[in-house]
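Visitor: Please show me the model, and I will ask what the terms used for it rest on.

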Amino acid sequence: MLLSAKRRIKPTDIVLLLAMLAITLLCLLPLVYIVSLSLSGKSAAAAGLVTLFPVDFTFYSYQYMLSDHRFFEAFGVSVERVVIGGIINFALTILMAFPLAKERSEFKSRNVYVWIIIFTMMFNGGLIPWYMVVKNLHLIDTIWALTLPGAVPVFNVILLMNFFRNQPKEISEAAVVDGAGPWRMLVSVAAPLALPAIATVTLFSIVNHWNAFFDGMILMNKQSNIPLQTYIQQLVVQPVISSTTRAEDLINFSQRTFNAAKIVVTMVPILVIYPFLQKYFVTGITLGSVKE
Amino acid sequence: MGKKSHSLHYHLMLAPGMAFIIVFGIVPLFGIAIAFQDFIPVKGITGSRWVGFDNFVYMFQLDDSKRILFNTLYISILKMIMQIIVPVGTALLLHELVFPRMKKWFQTIIYLPHFLSWVILAGILTDMLSAQGLVNKVVQALFGETVFFLGSNFWFPIVVVLSDVWKEFGFNAIIFLAALTAINPSLYEAAEIDGAGRLRKMWSVTLPGIMPTIVLVTTLNIGQVLNAGFDQIYNLYNPLVYQSGDIIDTYVYRIGLVQYQFGLATAVGSLKSLVGFILIFISYRLAAKYANYRIF
């Protein structure tokens, strides 16, 4: 940034700062609101008295949540899918990106594989056939229904593949001279060098697992097997959709604070890791976009 | 130096992943046959009657088809326009800021909503937009009556577009910001020497500088125009707003998994996928040709 250190601050700079501040606060507004709602008293919330700050401050909604074992069941399912799914995504992304990064001269079938996976990424038979495959594999109501269909995050594979391609050839050539075979090359040379990129795509796949609700909704029949987002969807969102008898309000007001508490707790893992891994989140955007 | 072929090992590395891709990506393609059948689950694909293009003909005759196509395109295109204007504006704003540490904080915060799920956001949004919610408090103070945002066919698409912008503008702004910082600084200096003020510099140096990025992003978005945001709309809509909020994906979901019209659902879904595929293909070719953007 070519900014001279002693540049005088002009009035327009202040205006711009305030504008940016307003935009940023707008981003935070709904989050602040839901946290306040969760910390408010039940009747105050039902009466619509809560704006930005808690009214009748209380932790009661969170205490009440502790007794909701289905919430924790769903939380557990989500943790399970994040761990299992995350590991599977991590391993398969690396295993696939590495060979696909090789030139045709080194790996003749490379283009065939790339075309196949790109094709599956862009064209599919839709929801019904996919559902039937999962059903016929007897994956319904198992954790594998949530982790196996998405086992290969194709977009991440392509991102990592391009990253591997851009790695300097000198290092791999030196390793070859030292007698490294392809597996050694992958594990000891290419992967360690690509660690930031690998961390970034793994992070994104973990966040996707945490946020997924649809597969949990259609692939799990037993209530004890649904992941957290599906649980929240059924608890908070579904009643809104189905109870359209009274036109004025679609919300079960007495549950407002309880729902808010559950929503906040569902957000917490993302909010907590975000500041620490912010570097990786930001890298993730430009990893695959601006190309020369 | 012996050039031993490592191909076998590469095939081995690809094997597990390819197995999954074949099972969950290729095998379902055979299920497209359902679109040409009067499909009954008990009989399966082999036992159900073939009806040729009947499902497709029926689809074109349905009133619903025009409605969902219109809604999908309307919402998608509005989103695309706003997802250029707002992020570019924000990126320009961030770029002009002279406080480096605050810049980083702003970026961190505006990027955050991208990582929250639509289930969470819908939960918050439906509360905020309810009759007693935050938004209606303001509306009531200003206009004296409340607006039923999520039940109105006029407001629903607006809510959908605006909330999606709120969620994603940070992500896109950072892409544009990266493009902004890549603009050659000497261009700015030359403009300064020629007497250009802040606005003139923005018009003549900055905007042309990021125009390639804007064009690239827009081109790549063309392929996604039929995806108007299932996760978002599914969590926000209700029967009152099917008229304006029902998109192709929500419709396919309802007629397929709720009403069990498998043949029709597969027909609509496959056709959407095909058109989408063609659009993506075209958009990638355009991007490769005019912007040297290659995904592989």
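Visitor: What makes a residue one that Leu160(A) touches?
Guide: Two residues are in contact if their C-beta atoms, placed from the backbone, lie within 7 Å. By that rule, leaving out residues up to four places away in sequence, Leu160(A) touches Thr93(A), Ile94(A), Ala97(A), Ala194(A), Ala197(A), Ile198(A) and Val201(A). This is a predicted model, where local features need pLDDT of at least 70 and side-chain atom pairs count only at pLDDT 80 or more, while totals for chains, interfaces and linings use all residues. Residues are numbered from 1 along each chain as its sequence is written, and chains are lettered from A in the order in which they are written.

Visitor: Why is the set of 134 residues called a nonpolar core?
Guide: The term means buried Ala, Val, Leu, Ile, Met, Phe, Trp, Tyr and Cys residues joined through C-beta atoms within 7 Å; buried means that 20 or more other C-beta atoms lie within 10 Å of a residue's own. The largest such set has 134 residues, and Leu160(A) and Phe176(B) are among those with the most contacts inside it. Helix α8 (residues 155–181) of chain B gives the most to this core, 13 residues.

Visitor: How do you know that this core lies between domain 1 and domain 2 of chain A?
Guide: Domain 1 (30–67 + 243–292) and domain 2 (76–229) both give residues to it, so it lies between them. The bounds come from an automatic or database domain assignment.

Visitor: What makes Met211(B) the site of a bend?
Guide: The angle is taken between axes fitted to the seven residues ending there and the seven starting there. For Met211(B) in helix α10 (residues 198–222) of chain B, that gives about 40°, and Pro212(B) follows within four residues.

How values were computed. Buried ≥ 20, exposed ≤ 12 C-beta atoms within 10 Å, placed from the backbone. Helix = DSSP H or I, 4+ residues; strand = E, 2+ residues; numbered from the N terminus.
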